[in-house]
Amino acid sequence: MSKRDYYEILGVAKGASEAEIKKAYRQMAMKYHPDKNPGDKASEEKFKEAAEAYDVLSNADKKQRYDQFGHAGMGQGFGGGGGYGGGMSMDDIFSNFGDIFENMGFGGGFGGFGGGRSSRGGGRRVQKGTNLRIKVKLTLEEILNGVEKKIKVNKFISCSTCGGSGAKDSSSVKTCQTCHGSGQVTRITNTILGQMQTASVCPHCNGSGQVVTDNCKTCHGEGIVRDEEVISVNIPAGVAEGMQLSMQGKGNAAPKGGIPGDLLIVIEEIPHEELRRVEHNLHYDLFISFPDAAMGSTVEIPTLEGKAKIKIEPGTIPGKVLRLKGKGLPSVNSYGKGDLLVNINIWVPKSLTKEERTTLEKLNESSNFVPNPTSKDKNFFERMKDIF
């Protein structure tokens, strides 16, 4: 099932400003917020869908890729869910977009989401791992049909000894006594306007709501270790040089069981030995002899799917372009395929034997080889006369 257009989801025009996008998402979030629609799965999916759209359209780099490549530029179909609707929880959404939910008037801190800034548990702070960026080199043949690549990535992963908690064992994890597990500390100050209550991240547990009394010996309490992971990446057909795809949750693991970062995959195109790419079209420079151009011929040319034979019509002049429909590269948005353009060039030898020169001199005396001033090809024949 294809995904809906992100602009359509938020109900904004493609040229909408950052403020308009934020306002539209805020309205959608209020409408489908889980506190307003308890137990309504359809509303929950719309809530996640809106968050996915906002994540892309509120980020300048992601928005640019989406405007150029559509959903394929966002890594749709990649592992890790390919978006909030499939890979991130409600906790993740509130953690990433906490500022959007401030002062929206929901009771009880958004049903225990901690003011929208963090995960369940009364405002506990959730850390997010850093993103990783890698380059993947592709041939034009791989770009033609799409390809699966297995990539070895050196990154931080969750510690297998402690399960990412950073603690020696479960008995080493205690509720923070400073914030009593909320992850926040509240202060009341007296002002001329009366008492004011402020909340801030607990300095003792750094917002996690828990403290570790005995650290894991493998990760030394961090919950993460550096290791290599082989990741399978399905790259869609039609990608281009410099295009960036993303795999959600495949970046560095976060300390103490937080949200993993993303893996950003930058496409690097390996030049083809014979074909040149111009957007979705491919170009090939074909050199033929003057006799083949004059009398016609059948020649073999390379394509990304093997060799193909093309017919050279008699009287073909240099500069003519033959088009092979559908022999180019596909659009990453599935809008069809480009063409293979064959640029005809005449091969002129640098030196001639005595016999060859005599033959050409005789041809030059023929009326058929004398330039016709009214001919469209006048300049061409004059150049040919000078050459021979």
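## A walk through a predicted structure

Let's begin with a sheet: three strands, in the order β1-β9-β8, form an open sheet with mixed pairing. Strands here are DSSP runs of E with at least two residues, helices are runs of H or I with at least four residues, and both are numbered from the N terminus. Two strands count as paired if DSSP finds at least two bridges between them. At the edges stand β1 (132-138) and β8 (244-247); each has a single partner strand, so one side of each is left without a neighbour in the sheet. On average, neighbouring strands of this sheet are turned by 30 degrees against each other, direction ignored; the axes are lines fitted to C-alpha atoms, for helices over the stretch in contact, and angles run from 0 to 180 degrees between N-to-C directions.

Before going on, please note that this is a predicted model, in which local features need pLDDT of at least 70 and side-chain atom pairs count only at pLDDT 80 or more, while totals for chains, interfaces and linings use all residues. Residues are numbered from 1 along each chain as its sequence is written, and side-chain values use heavy atoms, with hydrogens and water left out.

Now look at how the strands are joined. β1 and β9 pair in the parallel sense over 7 bridges, and V136 has I267 in β9 as its bridge partner. β8 and β9 (residues 263-269), in contrast, pair in the antiparallel sense over 4 bridges, where Q244 has V266 as its bridge partner. In a regular strand the side chains alternate between the two faces of the sheet. You can follow this in β1: L132, I134, V136 and L138 make up a covered face, and R133, K135 and K137 an uncovered one.

A further open sheet has 4 strands in the order β10-β11-β15-β14, again with mixed pairing. Here β10 (276-278) and β14 (321-324) are at the edges, each with a single partner strand, so one side of each is left without a neighbour in the sheet.

Next, turn to helix α2 (residues 18-32). Which residues of α2 are buried? They are I21, A24, Y25, M28, A29 and Y32. These residues cover an arc of only 135 degrees around the axis, which puts them on the same side of α2; the arc is that of the directions from the helix axis to the C-beta atoms. On the other side of α2, A19 and K23 are exposed. Buried means under 20% relative accessible area, exposed over 50%, and partly exposed in between (1.4 Å probe, protein chains only).

In soluble globular proteins, nonpolar side chains tend to be buried together. In this model, the largest nonpolar core has 43 residues, and those with the most contacts inside it include I235, V239 and L286. A second, separate core of 20 residues includes Y6, V12, Y25 and A53. A nonpolar core is a set of buried Ala, Val, Leu, Ile, Met, Phe, Trp, Tyr and Cys residues joined through side-chain atoms within 4.5 Å.
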